[in-house]
Amino acid sequence: MSRRLKISIFRHNPRDPQSVPRTVDYELDEQPGMTLFIALNAIRDTQAPDLNFDFVCRAGVCGACAMVIDGRPGLACRTLTSTLPAAFSLYPLPVFRLVADLSVDTGSWMRELAERLQTWVHLDAEPDLDRLEARMEPTLAEEVYELDRCIECGCCIVACATAQMREGFVGAVGLNKIARFRLDPADTRDDADFYELVGNDEGIFGCMSLLACNDLCPKELPLQTQLAWLRRKMAGQGVRWLRRG
Ligand code: SF4
Ligand code: SF4
Ligand code: FES
């Protein structure tokens, strides 16, 4: 027998001076294989035509649909209602600017992060576009692509106690990007260059290693391994500088 779901959804439009932050309960019958994407569309179609939420790919690839689902950050398009209790809540991701209801602006935050951490391949010289691309060992290429699977959903930032307390903390998403470019032999930056970017309390030394990011990343990126690797690299660089005096 199908369940009757009661979904408490955060409603607020910061651009509307009359709007007051609140939660509104919506009820609907659960269908087999129902995801939150389907449930939210059903609510918008039948009960709340002005409900705001974001979806692009519906396949766990774009990161747009991240929200706080029954108290935990996750992707709405990849969450089956059958994995949740009959009554649950949906809130927008905190930390990021609220657009309205469940929609937040992760894009501006991620862009600022990319500019701050310079998350692109750095070269010493102008690239020669006529030259064949340098070969990369398949195992190394796989390691790089594994970290490139980050969809910038923001779940690791919302899960992270440090990010909640320290505004400038780059979080697992930022540290994972640094690890990705440190691995990439096409990038000519060395440990000293990366230390300048994340060798501080807003970077790797602010991370408390409690690993909520690792537990809640919907793409199951190997964040635990990468954070430990990057901390070792950056600590090694710090020690080298200390020894040199
Ligand atoms: S590291 Fe994982 S949780 Fe963080 S932004 Fe990337 S995909 Fe999302
Ligand atoms: S391990 Fe570090 S980055 Fe991950 S949630 Fe904890 S403090 Fe944040
Ligand atoms: S809609 Fe793209 S990840 Fe959910």
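Five strands form an open sheet with mixed pairing, in the order β2-β1-β5-β3-β4. Strands here are DSSP E runs of at least two residues, helices are H or I runs of at least four, and both are numbered from the N terminus; two strands pair if DSSP finds at least two bridges between them. The edges are β2 (22-29) and β4 (72-75), each pairing on one side only.

This is a predicted model, in which local features need pLDDT of at least 70, side-chain atom pairs count only at pLDDT 80 or more, and totals for chains, interfaces and linings use all residues. Residues are numbered from 1 along each chain as its sequence is written, while chains are lettered from A and ligands numbered from 1 in the order in which they are written.

Back to the sheet. Strand β1 (residues 4-11) runs antiparallel to β2, with eight bridges, and Ile7 sits opposite Tyr26 in β2.

Now the ligands. Around ligand 1 there are 13 residues, counted if the C-beta atom, placed from the backbone, lies within 6 Å of the molecule. The closest are Cys150, Cys153, Cys155, Cys156 and Cys217. Helix α6 gives the largest share of this shell, three residues. By class, nine are nonpolar, two polar and two charged. Nonpolar means Ala, Val, Leu, Ile, Met, Phe, Trp, Tyr, Cys and Pro; charged means Asp, Glu, Lys and Arg; the others, Gly among them, are polar.

Ligand 2 is also surrounded by 13 residues, the closest being Cys160, Thr162, Ala172, Cys207 and Cys213. Its shell has 10 nonpolar, three polar and no charged residues.
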